[in-house]
There are 4 protein chains.
Amino acid sequence: MASVPAVEARTARGEETAGRILDAAATVFARRGLAGTRVRDIATEAGVNVATLYIYFPSKQHLHEAVLERGLQPLIEILGRFADEPDKQAATAPTIDAVMQHLAAHPAVPRLIYQEAVCGGELLARIGSRWFGPLDELIGRELRTGAMPSDEGFVPILGAVFLHLTLGHFALAPLLSRILGADFESPEALRRQTQLLTTLARQLSVTARDLGNGR
Amino acid sequence: MASVPAVEARTARGEETAGRILDAAATVFARRGLAGTRVRDIATEAGVNVATLYIYFPSKQHLHEAVLERGLQPLIEILGRFADEPDKQAATAPTIDAVMQHLAAHPAVPRLIYQEAVCGGELLARIGSRWFGPLDELIGRELRTGAMPSDEGFVPILGAVFLHLTLGHFALAPLLSRILGADFESPEALRRQTQLLTTLARQLSVTARDLGNGR
Amino acid sequence: MASVPAVEARTARGEETAGRILDAAATVFARRGLAGTRVRDIATEAGVNVATLYIYFPSKQHLHEAVLERGLQPLIEILGRFADEPDKQAATAPTIDAVMQHLAAHPAVPRLIYQEAVCGGELLARIGSRWFGPLDELIGRELRTGAMPSDEGFVPILGAVFLHLTLGHFALAPLLSRILGADFESPEALRRQTQLLTTLARQLSVTARDLGNGR
Amino acid sequence: MASVPAVEARTARGEETAGRILDAAATVFARRGLAGTRVRDIATEAGVNVATLYIYFPSKQHLHEAVLERGLQPLIEILGRFADEPDKQAATAPTIDAVMQHLAAHPAVPRLIYQEAVCGGELLARIGSRWFGPLDELIGRELRTGAMPSDEGFVPILGAVFLHLTLGHFALAPLLSRILGADFESPEALRRQTQLLTTLARQLSVTARDLGNGR
DNA sequence: GATGAATGAGCCTTCATTCAT
DNA sequence: AATGAATGAAGGCTCATTCAT
């Protein structure tokens with residue numbers, strides 16, 4: 001699959017149509033997954049004919065990849081900026097906040113990511129190494145400098161915690177709401193989850209120390 | 001859809017065939033999802049003819065539900081026993097351990113659960129309320145008795161953390177391994193994740209207090 | 001389908017565009033046939049937009065018919081002149097030569113004719129009766145006057161021979177070259193085929209006599 | 001495209017179905033060409049469902065190739081036997097007769113061959129080299145031994161004549177009938193065309209000599 | 001006159017499911 | 001109980017054609 005899947009639109013109108021298709025695709029793919037989605041449904045959601053869709057994207061697969069790519073882009077940028085930040089301590093909370101805000105505004109993104117992730121994540125590995133690189137590095141550095149546990153093996157484990165608690169919060173929201181009897185899509189839930197993450201980030205060194213000491 | 005989807009096998013041979021089909025289905029469904037899986041592939045994986053499959057399961061949907069049901073059963077039992085336990089404090093660590101052991105032994109289960117969860121989780125809500133009920137209740141009680149935060153809203157949030165860190169650990173293992181540069185399917189990773197969960201359970205009251213106090 | 005399919009071009013520029021489209025269509029139709037050709041490919045070959053093509057030709061079918069019509073016109077004229085010729089004996093060789101020259105210069109024409117012919121030739125029957133009328137008549141007259149075989153049934157059979165050896169030579173050239181190990185599109189092949197036809201025309205009476213006598 | 005396109009049938013019933021599909025495909029392909037044929041029409045003609053067709057042939061293209069392969073087989077065998085014949089002189093007439101009989105009995109075959117031939121004949125070149133090899137060789141030997149013309153270049157030209165007058169007779173029959181005012185599909189036409197070919201074969205040396213001498 | 005954008009119809013192919021053996 | 005054969009119902013994708021600029 002080509003890494004630049006979308007056939008570039010030549011016109012402002014075309015550009016807009018391609019955008020509408022991407023939006024529609026994000027919604028429908030998030031709802032039903034790649035295999036469960038019918039291109040006709042995407043077209044209908046976008047308000048265009050199926051054939052129009054194929055003017056801008058050579059195949060359903062390419063469209064899916066384009067959707068994912070576009071969804072990941074802002075996250076990559078947020079983390080990129082964080083990586084360039086000299087004072088990580090000060091930048092942590094705003095970064096967490098920015099990530100959560102973005103995910104809340106685009107709930108399809110974490111669901112798309114999780115769908116891919118559960119099925120092996122070949123696609124994500126390609127796109128996402130740029131993404132998680134900084135996060136990984138950050139956690140590693142923090143843990144090592146702060147209160148380093150003797151067991152280095154916890155570094156990725158703790159990195160994963162952040163992935164679970166950011167993406168997972170949104171990707172699993174419908175299920176969590178249903179099962180745990182609370183609205184995980186409410187602004188309050190968002191605020192609390194953000195607070196949880198910030199608190200965790202602050203506690204990380206403590207937790208890591210405890211873990212490293214086998215407590 | 002019938003809640004008892006499998007047509008009971010009448011003979012030992014039939015019983016064994018049905019089991020082989022369930023195993024095969026779990027593997028393939030976990031790999032490709034419900035929509036992305038072809039009945040023929042399940043049959044091939046099980047080493048039987050497609051028509052044979054329809055002797056035991058009336059449809060692909062029913063088979064899928066049966067797979068999920070069977071995968072969830074042991075987890076429900078583990079949590080059920082925990083719920084009946086008088087000394088939660090003492091039972092926590094062994095319960096976490098049992099859950100993790102089971103998930104590690106049946107990695108298809110968490111992936112199937114996550115697939116369903118991302119797509120709204122209608123099916124899970126039906127099956128899983130039995131499952132998460134005890135967990136929810138437990139956390140609530142612990143938090144309230146222990147070091148109760150003033151903000152009750154964190155109870156489900158903290159419940160979700162356990163879901164993320166148990167199921168998510170296995171469901172996202174392939175992606176996490178790839179991205180965070182560590183083998184999340186190794187015995188060491190299992191040990192560390194279990195330890196993390198146990199530590200967190202112990203720290204819950206502390207964390208909850210901090211959160212509740214807005215720190 | 002209208003018998004004058006092309007919308008007359010009003011300007012010199014339009015005339016030229018229409019011509020380019022006809023040329024392109026001849027090439028592509030000859031290569032892939034009517035059904036196998038995409039309008040877009042013709043447009044691309046002609047260097048115009050697809051919509052432009054529809055300014056000059058109301059449909060793919062009409063364009064195809066126009067191409068065939070234009071390709072047949074010169075052949076009809078050559079044979080028309082031959083029909084008007086008083087001294088057939090003297091005119092035969094130059095006529096054969098003219099036909100072969102034209103076909104060699106426009107190799108798409110015989111291929112288009114053959115494509116149509118193999119599929120029943122409805123279209124050709126309409127266009128082509130003008131064409132083969134003279135040929136048929138000529139052969140008949142020659143045979144009857146010259147060395148008439150007793151069996152009149154051979155007249156059309158021998159007429160067909162000329163069709164096979166003129167059109168077929170060009171229409172099947174690629175295959176013949178490949179299979180018989182010679183370049184049927186070379187000037188030498190053209191010369192020899194022309195010579196063969198001339199020789200055959202001269203021998204016709206002899207052959208016809210032999211055939212008529214059942215030898 | 002695989003050279004053995006048909007998925008082998010496991011059963012007598014399957015074998016028969018595959019045969020019916022091949023027959024139907026031959027008919028419809030001959031009528032409309034590869035691109036112009038709809039698989040549904042083949043299925044209908046064969047009296048089966050479209051999906052059934054795909055059990056035995058992986059694609060329309062493969063089916064087409066299989067049809068051609070099967071149609072060519074008997075011709076290859078006839079010519080193969082001729083090639084092994086010591087007394088070519090005596091075997092010529094029976095061979096011509098056998099070829100013509102076969103083509104008359106299976107009129108789809110020459111039409112399929114011609115369709116392919118007009119479009120370049122890539123496929124035929126692969127399948128057919130076996131076919132025309134003997135013919136080519138025979139003519140060459142005859143011409144060289146009999147009354148050899150000084151110009152060797154006529155050998156393939158004369159080989160082509162036989163191709164035109166055997167396959168072409170059947171492939172173009174509908175058009176010829178219409179244009180030349182005779183029934184080219186009647187038994188009489190078959191008899192006369194066979195006689196023409198036999199006569200030509202006998203005259204070949206004479207014609208060749210004349211041609212070689214530039215007359 | 002020319003073109004990029006858009007579409008309705010239809011084609012090839014697949015797939016869940018049933019039937020006959 | 002088990003299977004090869006068969007099918008109806010889509011699904012992805014293409015294509016001839018039209019429209020708005």
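Visitor: By what turn can chain D be laid on chain C?
Guide: Keep in mind that we're working with a predicted model here. The superposition of chain D on chain C gives an RMSD of 0.1 Å, with a shift of 0.0 Å along the axis. The two copies are thus related as by a two-fold rotation axis. The turn itself is 180 degrees.

Visitor: And what rotation superposes chain A on chain B?
Guide: For this pair the RMSD comes out at 0.2 Å. The shift along the axis is 0.0 Å, and the rotation is 180 degrees.

Visitor: How many residues of chain C are in contact with chain D?
Guide: Chain D brings 49 residues to that contact. Of the interface residues of chain D, 100% are also interface residues in chain C, so the copies meet through the same surface. On the chain C side, the number in contact is 50 residues.

Visitor: Which helix gives the largest share of the side of chain D that touches chain C?
Guide: Chain D has 49 residues in contact with chain C. Elements giving two or more residues to that side include helix 1, helix 6 (108-118), helix 7 (122-145) and helix 10 (187-212) of chain D. The largest share is 10 residues, and it comes from helix 8 of chain D.

Visitor: How many residues of chain B are in contact with chain A?
Guide: Chain A puts 49 residues into this one. Here 100% of the interface residues of chain A are also interface residues in chain B, so the copies meet through the same surface. Chain B's count is 50 residues.

Visitor: How many nonpolar residues are on the side of chain A that touches chain B?
Guide: That side draws on 49 residues of chain A. Its largest share, 10 residues, comes from helix 8 of chain A. Set aside 16 polar and nine charged residues, and the nonpolar ones number 24.

Visitor: Over in chain B, how many residues of helix 8 are buried?
Guide: Helix 8 of chain B covers residues 154-171, which is 18 residues. From first C-alpha to last it reaches 25 Å, close to the 26 Å expected at 1.5 Å a residue. The helix is mostly covered, and its buried residues number 18 of 18.

Visitor: Is A:P107 buried, exposed or partly exposed?
Guide: A:P107 sits in the loop between helix 5 (88-105) and helix 6 (108-118) of chain A. Its C-alpha is separated by 22 Å from that of A:R81, 26 residues apart along the chain. Buried needs 20 or more other C-beta atoms within 10 Å, and exposed needs 12 or fewer. A:P107 has 17, so the call is partly exposed.

Technical notes: Residues are numbered from 1 along each chain as its sequence is written. Chains are lettered from A and ligands numbered from 1 in the order in which they are written. This is a predicted model: local features need pLDDT of at least 70, side-chain atom pairs count only at pLDDT 80 or more; totals for chains, interfaces and linings use all residues. Copies are superposed by least squares on the C-alpha atoms of residues with pLDDT of at least 70 in both. Two residues are in contact if their C-beta atoms, placed from the backbone, lie within 7 Å. Helices (H or I, at least four residues) and strands (E, at least two) are DSSP runs, numbered from the N terminus. Ala, Val, Leu, Ile, Met, Phe, Trp, Tyr, Cys and Pro count as nonpolar, Asp, Glu, Lys and Arg as charged, and the others, Gly among them, as polar. The expected span of a helix is 1.5 Å times one less than its number of residues.
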